[in-house]
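The entries below follow the order in which I looked things up.

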Amino acid sequence: MTAHPSCRAHQTGTAALEFALIAPLFFFLLVVSLAFAVSFYVQGVLQGAAEDGVQAVMQMDRTQYDLPADDTAFQAQASTLARQAVLQSLNGAPQAVRNQIANSNQAIATQVAGNQITTTVIFDYASNPLLPTFGIDIARVKGQASASYW
């Protein structure tokens, strides 16, 4: 059974209208999903870079320092080595991430407390978003790694 010709005439353009109503929501959800995916990717890259920073400090020759008396010198050398390792590890990161971290003194922090080493790498996503976030709060993306040595 076929529809009456006058009924078909009233339905012309309904697909275009339905698409026009649904498309903005679909594209909004797509862009927000991509923004979250990129932030998770950057977090993974920063986590790997922080682990490389801790590993560089772990391989440091601690015998040349009279710890805890030379703690300041050891901390300075550990921070320098960790920073170099982190920046080298960020070669696969997006250019905006590398530039912001390389040009900031606060983006990479290494602390040595007792026998615990912690390296933290922070990317300020709010000031340099890789994709528009449409008001969703992705302020900072952070990678952190810790290790203990004997």
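Which residue in strand 3 stands opposite Thr119? I looked it up and found Ala145. I note here that the model is predicted.

Entry, strands 2 and 3. I looked up how strand 2, residues 116-124, is joined to strand 3, and found nine bridges. The two strands run antiparallel.

I find an open sheet of three strands in the order 1-2-3, and the pairing is antiparallel. Strand 1 (108-113) and strand 3 (140-148) are the edge strands, each pairing on one side only. On average, neighbouring strands of this sheet are turned by 15° against each other, direction ignored.

Entry, helices against the sheet. Helix 2 packs on the sheet and touches strand 1, strand 2 and strand 3. I noted the angle between the direction of helix 2 and that of strand 3 as about 30°. Helix 4, residues 95-102, lies across strand 1 and strand 2. Helix 4 runs at about 120° to strand 2.

Entry, Ser39. Is Ser39 buried or exposed? Ser39 counts as buried because its relative accessibility is 7%, and the cut-off for buried is under 20%. I looked for what the side chain of Ser39 reaches and found the backbone oxygen of Phe36 at 2.8 Å. Leaving out residues up to four places away in sequence, Ser39 touches Tyr125, Ile138 and Val141. Of these, Val141 falls within the residue range of strand 3, 140-148.

How values were computed: Residues are numbered from 1 along each chain as its sequence is written. This is a predicted model: local features need pLDDT of at least 70, side-chain atom pairs count only at pLDDT 80 or more; totals for chains, interfaces and linings use all residues. Side-chain values use heavy atoms; hydrogens and water are left out. Buried means under 20% relative accessible area, exposed over 50%, partly exposed in between (1.4 Å probe, protein chains only). A polar contact is a pair of N or O atoms within 3.5 Å; within protein, one must be able to donate a hydrogen and the other to accept it, and residues adjacent in sequence count only if both atoms are side-chain atoms. Contact means heavy atoms within 4.5 Å. Two strands pair if DSSP finds at least two bridges between them. Helices (H or I, at least four residues) and strands (E, at least two) are DSSP runs, numbered from the N terminus. Axes are lines fitted to C-alpha atoms, for helices over the stretch in contact, and angles run from 0 to 180 degrees between N-to-C directions.
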